[in-house]
Amino acid sequence: MAAWVSPLAAAAVSLCLLGLIRVLTGAQARWWGCPPKAEQRIYFANHQSHADLLMIWAALPKELRRSTRAVAAREYWTQSPFRQWITSAVFNVIYVARERDATEDPLEPLVEALAAGDSLILFPEGTRGHFDDPQAFKAGLYNLATKFPTVELIPAWIANVQRVMPKGEVVPVPVLCSVTFGAPLQVQAGEDCHAFLQRARQAVIALRDI
């Protein structure tokens, strides 16, 4: 019996959350630069709220949600048994540690997921921002892109979700939100990390006014 409880509970919570997110935000998905195809991808987006993960997850079609895993900070999302359960059982996230020793490779679990054929949802700023423009992107996106050159890199702009769940608040407020997905990017021949990350960041910002 116990073996069935967790999957059934996770499926029920998934449906409830999907309905709640759509009621609160509308969860409008705008596939401006690419279609919602079942191809291996890294979706990378701006990050201003813990609800960002939920927003992109809800914006994806059902068949894409099954194979797309968000990257989340271990220190925050495992602080309580409930947070850990919902992120692992419902969203199947990949935890990364912000605090680690010099021997740990923070990209190792992401590399393993991509090698297994999963797609990723990544927030390259590394932490939530406080301004309209994203902070500088960290090198992880570039390193993954060079290791997996055939995986599509899809920029995304999440609009208004910080107004639904502002930093420090626990009660969501209904606000119409959207996720705009842009055209795929690739690391160009001879392009270094700094140049690519600047271009990737600008690709995300460019979707804001579309």
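Biologist: Hi! Which side chain meets Glu 191 in a salt bridge?

Modeller: That would be Arg 199: in this predicted model, its side chain and that of Glu 191 come together at 2.8 Å, N to O.

Biologist: Nice. Is Glu 191 buried or exposed?

Modeller: Glu 191 counts as buried, at 11% relative accessibility. Arg 199 is partly exposed, with a relative accessible area of 26%.

Biologist: And why would two such side chains pair up at all?

Modeller: Side chains of opposite charge can pair when their charged atoms come close.

Biologist: How many salt bridges does the count come to?

Modeller: The count is five. Another one of them joins Glu 152 and Arg 41, again with 2.8 Å from N to O.

Biologist: Where do Glu 152 and Arg 41 lie?

Modeller: Glu 152 is in strand β6 and Arg 41 is in strand β2, so this pair ties together parts that are 111 residues apart in sequence. Arg 41 is buried, at 1% relative accessibility, while Glu 152 is partly exposed at 23%.

Biologist: What do the strands β2 and β6 do with each other, then?

Modeller: Strand β2, residues 41–45, pairs with β6 in the parallel sense, over five bridges.

Biologist: Which other strand pairs with β6?

Modeller: Strand β7, residues 178–181, pairs with β6 in the antiparallel sense, over four bridges. If you want to find that pairing on screen, look for Ala 159, whose bridge partner in β7 is Ser 178.

Biologist: Are Asp 118 and Arg 69 buried or exposed?

Modeller: Asp 118 is buried at 18% relative accessible area, and Arg 69 is buried at 19%. The cut-off for buried is under 20%.

Biologist: Which side chain of opposite charge is nearest to Glu 125?

Modeller: That is Arg 201, 6.9 Å away. Glu 125 is buried but has no salt bridge, because a salt bridge needs the nitrogen and the carboxyl oxygen within 4 Å.

Biologist: What does the side chain of Glu 125 reach instead?

Modeller: The side chain of Glu 125 reaches the backbone nitrogen of Gln 135, at 2.8 Å. Glu 125 also touches several other residues, including Ala 45, Asn 46, His 47 and Phe 137.

Biologist: And where is Glu 125 found?

Modeller: You'll find Glu 125 in the loop between β5 and α7.

Biologist: Let's switch to a helix. Which residues of α5 are buried?

Modeller: In α5, residues 81–90, the buried ones are Ile 86, Thr 87 and Val 90. Looking down the axis of α5, they fall within an arc of 105°, so they line one face of the helix.

Biologist: What comes just after α5?

Modeller: Asn 92 is there, and its phi is positive, at about 50°.

Conventions:
Residues are numbered from 1 along each chain as its sequence is written. This is a predicted model: local features need pLDDT of at least 70, side-chain atom pairs count only at pLDDT 80 or more; totals for chains, interfaces and linings use all residues. Side-chain values use heavy atoms; hydrogens and water are left out. Two strands pair if DSSP finds at least two bridges between them. Helices (H or I, at least four residues) and strands (E, at least two) are DSSP runs, numbered from the N terminus. Buried means under 20% relative accessible area, exposed over 50%, partly exposed in between (1.4 Å probe, protein chains only). Lys and Arg count as positive and Asp and Glu as negative; His and the chain ends are not counted. A polar contact is a pair of N or O atoms within 3.5 Å; within protein, one must be able to donate a hydrogen and the other to accept it, and residues adjacent in sequence count only if both atoms are side-chain atoms. Contact means heavy atoms within 4.5 Å. The arc is that of the directions from the helix axis to the C-beta atoms. Lists of a residue's contacts leave out its neighbours within four places in sequence.
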